[in-house]
Structures are given as structure tokens and as C-alpha cells.
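The sequence and structure come first.

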Amino acid sequence: MNATHRGLNRLLLGLLGLVLVGVGALIGAAGLNTSIAEGWNTTGATLLADLSHALASAPIPGSSISWWTIAVLALALVVMALLLGWIASQGGGRTNRAGRREDPEHPGTTTVETSLASAAVRKATVGDDRIIAATVSTWKAKRADGLKLTLQARKGVSPRDLADTGEELISGLDNLLGDRGPVLIRITTGLRSTLSSTDRVR
């Protein structure tokens, strides 16, 4: 439930994987076959000589720096900007709005914030010994506001029972918000589940 471009990520990771596999295969082949290693050494020396010739053929007037060096640095900056944009696009999509409705009979819009839904869930689970913590977060899911309900279960509690409880909580939120959108119920355990005891002092 976020704005990550999964298709683009899979494509880039797949291409990166293919490049790494190819490089690894060539290194392994060069280590096993001396003729391949000699061929790579010859190819590398040729490419280095061609690069030196290209840099020397386009010097900046009054300077020892080549135009090709400036072009490579500019390309590196463009690639860096693209990578930073790709990193910034990961995740995201989070919002503080749990519901929004426009009344066609009256002007204006009613917006329900996530904090209200979260407070309602905490109030509904405060006396439930099976749940250590319950949190609500909202995300932009396509054109609707998606809701994520996370329940941290106490050790030994059946996930099936908590799933039913989560569905009841979502039904209550639907009635509270007056709207039904995409919902994700997540049941987790952690260190608090291990250290917490089922006994409570009353």
C-alpha cells in the first residue's frame, strides 16, 4: 500500500542481476581459461588506448581537460539525479486522511483524519488481552484512501481469532467513516509479544 513502482523496480533489479551474472561468469571463465584471460587483457589495453586517444583529441582550449571528461561528468550527474529520484519514489503514498465525502445536497467536504480512526481502534481494543498494540495508518491506493490495520498479537494467540477481530474492527470503522475502501489487516508478533505475560493485574 504505497507508491512504489514495482514494475520498474523489478525491471531494474532484473537488469542489474543479469549484468552481475554476466560479469561473474566472465571472471570465472577467465580464472579457468588462460586464453580468455589473455583476451580480456588485450581488450582492456586496447580500450584504454582508445580512451586516451579520444580524450587527447578534444581538449578544452587553454586547458589540459578534455571535452569528453566534461561530457562524462555531466552524464554521471544526470545518472545520479535519476537514481536519487528513483530512491525518493520508493515507498511514499502515505496520507493522514482516513475518509473523505462530498455531500451533493450541501456545499463542502467532510474529511476524517487518521488520528480519529486510530483512537477508535485503540478504544475498542483497550480491554482485549490478546492484543498488545493496535495501530492504524492510511495510504493512497489508486483513487481511494486505503487503510492498514496492524495488530500486535500476544504470544500464543491464534491468528485466526485476531483476523476475525480485525474484520470486526474494520466493520466498525466503516460505520464510523461511512465509507468502505481498500483495507489491509496485518497481524504481527515481536519482542513485546515474547516478554509480555498473559496475566494482568486488575
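Along the sequence, the chain runs α-α-α-β-β-β-α-β-β-α-β-α. That makes six helices and six strands. The model is predicted. Of the chain's 202 residues, 21% count as buried.

**Nonpolar core**
- The largest nonpolar core contains 16 residues.
- V121, V136, L147, L149, L151 and L173 have the most contacts inside this core.
- Two or more core residues come from each of α4 (114-125), β4 (131-141), β5 (144-153) and α5 (159-177).
- α5 supplies the largest share of the core, with five residues.

**Helix α4**
- α4 is made up of twelve residues, and the distance from its first C-alpha to its last is 17 Å.
- This span is close to the 16 Å expected at 1.5 Å a residue.
- The buried residues in α4 include T114, A117, S118, V121 and T125.
- These residues lie on the same side of α4 because they cover an arc of only 100° around the axis.
- An α-helix has 3.6 residues a turn, so residues three or four places apart point the same way.
- V121 is buried in α4 and is also among the residues with the most contacts inside the largest nonpolar core.

**Packing of α4 and α5**
- The axes of α4 and α5 come within 11 Å of each other.
- The two axes cross at roughly 135°, and α4 and α5 are therefore oblique to each other.
- The crossing of α4 and α5 is right-handed.

Conventions
Residues numbered from 1 in each chain as written. Predicted model: local features only at pLDDT ≥ 70, side-chain atom pairs only at ≥ 80, totals over all residues. Heavy atoms only, no water. Core = buried A, V, L, I, M, F, W, Y, C linked by side-chain atoms within 4.5 Å. Buried < 20%, exposed > 50% of the residue type's maximum accessible area, 1.4 Å probe, protein only. Helix = DSSP H or I, 4+ residues; strand = E, 2+ residues; numbered from the N terminus. Expected span 1.5 Å × (residues − 1). Arc of directions from axis to C-beta. Axes fitted to C-alpha atoms, helices over the stretch in contact; angles between N-to-C directions. Parallel < 35°, antiparallel > 145°, perpendicular 65-115°, else oblique. Left-handed = near helix turned anticlockwise from the far one by under 90°.
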